[in-house]
Amino acid sequence: MILQTVTKIVFFIILTFGVELFISGHNNPGGGFIGGLVLSSAFVLLYLVYDIETVHRGTPFDFKRVAALGVLLAVGTGVLSLLFGVPFLSQSTREFDLPVFGETELGTMTIFEAGVALTVLGVVVTIILGISEDVE
Amino acid sequence: MITVLLAIFIPFIAACLVPFVHKFLTGRKIGWFVIIVPLLLFILLLRLVPSLSHGATYTYSLPWIPSADVYFLTYLDGLSMIFALLITGIGSLVVFYSIFYLSEREAIGRFYTYLLLFMGAMLGVVLSDNLIVLYVFWELTSISSFLLIAFWFHRKQSRYGAKKSMLITVTGGIFMLAGFLMLYTMTGTFSLRELIGMRDIIAADSLFIPAMLLVLLGAFTKSAQFPFHIWLPDAMEAPTPVSAYLHSATMVKAGIYLVARFTPVFAGHAVWFYIVSCVGLLTMLWGSVNAVKQTDLKALLAFSTVSQLGMIMSLLGVGSLAFASSESSHVALFTAATFAALFHLVNHSTFKGSLFMVVGILDHQLGTRNIRRLGGLATIMPITFTIALIGSFSMAGLPPFNGFLSKELFFEAMLSLKNANLLTMDSLALLFPIVAWVGSVFTFIYCMVIVFQSFLGKVPEPFPGQRPAHEAPIQMLVAPIVLGSLVLLIFFFPNILGTYILGPAMLAVYPHLGNMEGLVPEIHVWHGWKAPVFMTLGVIIAGTLLYRYLRYWKGVYRLGVLQWTLDRFYNGTLLRMERVATRVTRGYMTGSVRDYVAYIMLIFIAFIGIGLAGFQQFVFDFSNDAPIEMNEGVIVFVMMCSSVAVLFARSRITAIILNGVLGYSIAILFVVFRAPDLALTQIIVETVTTVLFLLCFYFLPEWRAEHRAVSMRWRNGLIAAASGVIVTVVALLVQGHSLYPTISIYYETASRIAGGLNVVNTILGDFRAFDTMLEVLVLFIAGLGVFSLVKLRRKKGVDRPEEK
């Protein structure tokens with residue numbers, strides 16, 4: 001019971017940390033791969049503490065699709081760069097003035113990294129879920 | 001020219017959209033969305049025809065992977081144009097036809113996705129200038145053809161045919177790739193146009209013949225040339241629109257395209273001429289002889305396609321002699337052969353396409369394609385009969401249909417061989433026309449079989465099909481009528497086609513001749529009492545007689561039937577390969593993880609060991625090393641202790657925990673050495689792995705003391721020690737040597753180039769993004785693999801779904 005309560009809070013802390021890692025990855029330690037891993041560890045914690053059905057109700061998406069979306073993003077940025085007439089997978093950045101974040105640098109690399117993160121998240125959770133569901 | 005690039009990409013984009021659009025345009029209505037693609041492209045391409053006929057070409061370059069010399073260079077010239085027009089033109093008609101052919105119950109969305117995939121791939125083949133890009137599209141056509149043949153995958157025959165076609169064409173494609181790579185080593189370029197310019201360099205190279213043979217192998221497997229033709233009859237398991245499109249009009253002509261395209265590179269050499277023309281003629285004869293004995297109309301058409309492809313191929317072989325001749329009159333004779341090849345290519349697509357559609361109509365209306373069960377349909381289905389008549393007579397080479405014109409040109413080309421001074425071939429010069437004539441006689445016979453045995457004669461009892469037969473709905477007749485009218489139109493106005501479409505293509509095959517003058521012979525319907533006319537008359541007389549008395553000599557087919565031995569050879573080889581593969585795999589897949597780790601380590605030791613053995617200077621340089629701090633020493637000591645302790649653990653959980661200690665110590669070590677990225681990754685990987693381990697606990701057997709033989713233990717111990725030594729040696733050696741200049745300076749500019757301060761990430765996401773992307777893909781595939789292995793294990797006693 002204590003564990004469940006703690007997890008409810010910790011889950012979001014880990015999620016935030018994962019996202020933070022992912023975003024900061026551009027200039028500080030972090031990045032898509034590790035962000036994805038942290039995110040998936042958050043979900044793994046949830047599955048450990050609650051049973052699978054409960055979590056399924058809370059997360060109404062299929063992690064296989066998350067992984068597929070990730071691959072699509074990663075490959076998609078590469079193909080998109082072709083359409084702009086530059087070599088496959090070449091990345092570009094631009095400074096944006098976003099309302100909340102202020103001066104922010106956004107690059108296609110961020111999208112690419114997001115793809116990596118989503119793939120890692122999807123695959124790890126899919127594997128762990130696949131095996132654990134088989135146990136039952 | 002962006003149009004050309006779009007021509008390749010639009011079908012692919014549309015293929016991606018089909019599943020989504022299918023939600024709104026349910027059932028067969030999705031066909032109306034699909035048909036826009038080929039129709040639009042056909043019109044776009046048609047607009048370029050006038051400028052092409054003045055000798056213009058269009059290129060559009062897009063750097064794809066410039067570091068590997070792979071440019072996405074599209075190149076549209078006359079030769080590409082013929083094929084592109086066929087792909088989009090016939091494609092539009094086939095899509096239109098298929099809308100009414102397929103029933104609502106079929107997986108229509110899937111069908112059109114595959115079809116568009118094929119269309120894009122095929123356009124890619126004919127519009128690419130870079131050989132590697134061409135190869136990728138080439139194999140993509142094989143794959144989409146595989147998917148389309150296996151469209152009704154619940155049928156065993158479909159799966160067999162799909163696998164067969166895939167194995168043969170893809171194997172040929174890989175040989176072709178080897179040929180391309182040889183060409184690259186000779187010239188240093190993958191560009192087709194540059195290759196043509198380096199004709200002399202290639203001809204002088206010792207790899208000339210191997211490269212030529214390999215490229216030809218790719219072309220012959222794709223175009224179903226003897227003895228690789230065996231896949232085409234089995235490919236007829238595909239839905240009829242697919243057979244009409246892929247397996248008669250477009251994909252099987254990719255080999256023809258390749259041979260025509262490479263004519264300016266390889267032609268002029270005797271080997272090229274002999275192989276292309278002899279294989280072509282043999283295929284023509286073989287296909288036509290075999291077609292006569294078929295009782296399934298589609299199988300008959302398949303063999304006739306084999307035969308016609310052989311005829312086109314042999315014409316290209318004769319056309320290649322123009323490169324070896326010096327006299328201008330002879331050159332004109334041989335270029336006329338290539339012209340005939342291209343002309344017949346178009347003609348064949350028109351009449352064969354319409355015939356396939358006719359057979360599809362019969363199948364659709366009556367439920368059978370067996371000629372023994374058909375007959376007397378001429379009065380019931382007059383329009384279908386007329387189209388079949390036009391198509392068959394054109395194929396037989398009768399006037400007033402376009403096949404007559406190209407057949408006459410074919411005979412003329414074969415007769416022109418007596419002028420070839422390249423080779424001493426007096427006997428061959430006689431043999432070629434004779435083989436061509438015999439093949440044409442058989443062609444005539446099977447054409448008559450199509451018309452007379454299915455449409456004339458008595459209506460068989462009991463009549464096939466449940467309902468009383470009637471004419472097909474008009475929508476299904478539109479496409480074959482269009483093709484049938486083209487057959488007639490081309491006969492009456494052949495020179496329009498010749499000047500505007502075939503002329504530029506001739507220039508692409510014979511770039512050294514400079515301009516189109518003299519390359520485009522005037523086509524006459526009647527050119528006097530000359531040899532070709534007599535040959536045609538002979539074909540008609542002999543063919544009619546033989547057809548008339550077909551049942552008396554049909555027994556001949558029961559004698560030597562090489563067809564079945566070839567098929568048996570294919571099946572036998574496949575079976576033997578499977579057996580050997582099973583035995584080999586059983587031999588080393590013991591099911592014990594310990595063995596697998598031993599394999600991995602052994603290979604590691606072998607490769608690195610060999611590498612080290614060749615390495616001369618073993619210098620261990622410790623001078624630059626930082627002094628070892630106390631705390632570092634402690635961590636390393638903990639690591640050593642825990643790893644040794646794993647060996648003596650009594651329970652599995654102890655071993656896992658000790659392993660975890662090792663992992664986390666490494667993470668701490670990373671922290672000490674100020675590598676936060678690595679430390680973070682290590683910690684999280686360690687955590688997730690431990691969870692995974694715990695999950696797998698359930699499935700693992702009891703942790704028992706090893707009862708392995710002592711020699712086994714020694715073996716494993718030796719492998720472990722050797723790999724440890726090698727890792728240590730390599731690590732120490734790396735410190736003491738700098739074989740290459742350091743690359744870290746390059747990454748100092750990373751923030752400027754890639755806009756990021758985290759060097760690791762800029763490497764992952766930008767400099768080496770290609771690797772990362774592939775890794776992501778691999779990870780995804782591995783995840784799906786684990787999922788399907790765990791989830792979709794076949795329960796015993798349950799049938800596999802595809803066999804239901």
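Predicted model: local features only at pLDDT ≥ 70, side-chain atom pairs only at ≥ 80, totals over all residues.
Trainee: How do you know how chain A is built from helices and strands?

Mentor: Chain A has 5 helices and 2 strands. Along the sequence they come in the pattern α-α-α-α-β-β-α. For chain B the secondary structure comes to 33 helices and 2 strands.

Trainee: Where is the place of B:M589 in chain B?

Mentor: B:M589 is in the loop between α24 (562-588) and α25 (593-613). In the domain assignment, domain 3 of chain B covers 563-589 and domain 4 covers 594-750. B:M589 lies 33 residues from B:V556 in sequence, and 51 Å from B:V556 in space, C-alpha to C-alpha.

Trainee: How far apart are the centres of domain 1 and domain 3 of chain B?

Mentor: Taken over C-alpha atoms, 30 Å separate the two centres.

Trainee: Why is α10(B) called roughly parallel to α14(B)?

Mentor: Helix α10 (residues 208-222) of chain B packs against helix α14 (residues 270-292) of chain B at an angle of about 20°. Angles under 35 degrees count as roughly parallel, so α10(B) and α14(B) are given that name. Their axes are 11 Å apart.

Trainee: Which residues make the contact between these two helices?

Mentor: From α10(B) they are B:I209, B:M212, B:L216 and B:F220, and from α14(B) they are B:V271, B:W272, B:I275 and B:V279. An α-helix has 3.6 residues a turn, so residues three or four places apart point the same way. The crossing of α10(B) and α14(B) is right-handed.

Trainee: How do you know that the span of α28(B) is close to the expected one?

Mentor: Helix α28 (residues 676-696) of chain B has 21 residues.

Trainee: Which residues of α28(B) are buried?

Mentor: They are B:A679, B:L680, B:T681, B:Q682, B:I683, B:I684 and B:L695. To count as buried, a residue needs 20 or more other C-beta atoms within 10 Å of its own.

Trainee: How much of each chain is buried?

Mentor: Buried residues make up 43% of the 136 residues in chain A, and 43% of the 804 residues of chain B count as buried.

How values were computed
Residues numbered from 1 in each chain as written. Chains lettered and ligands numbered in written order. Helix = DSSP H or I, 4+ residues; strand = E, 2+ residues; numbered from the N terminus. Expected span 1.5 Å × (residues − 1). Buried ≥ 20, exposed ≤ 12 C-beta atoms within 10 Å, placed from the backbone. Domains from an automatic or database assignment. Axes fitted to C-alpha atoms, helices over the stretch in contact; angles between N-to-C directions. Parallel < 35°, antiparallel > 145°, perpendicular 65-115°, else oblique. Left-handed = near helix turned anticlockwise from the far one by under 90°. Contact = placed C-beta atoms within 7 Å.
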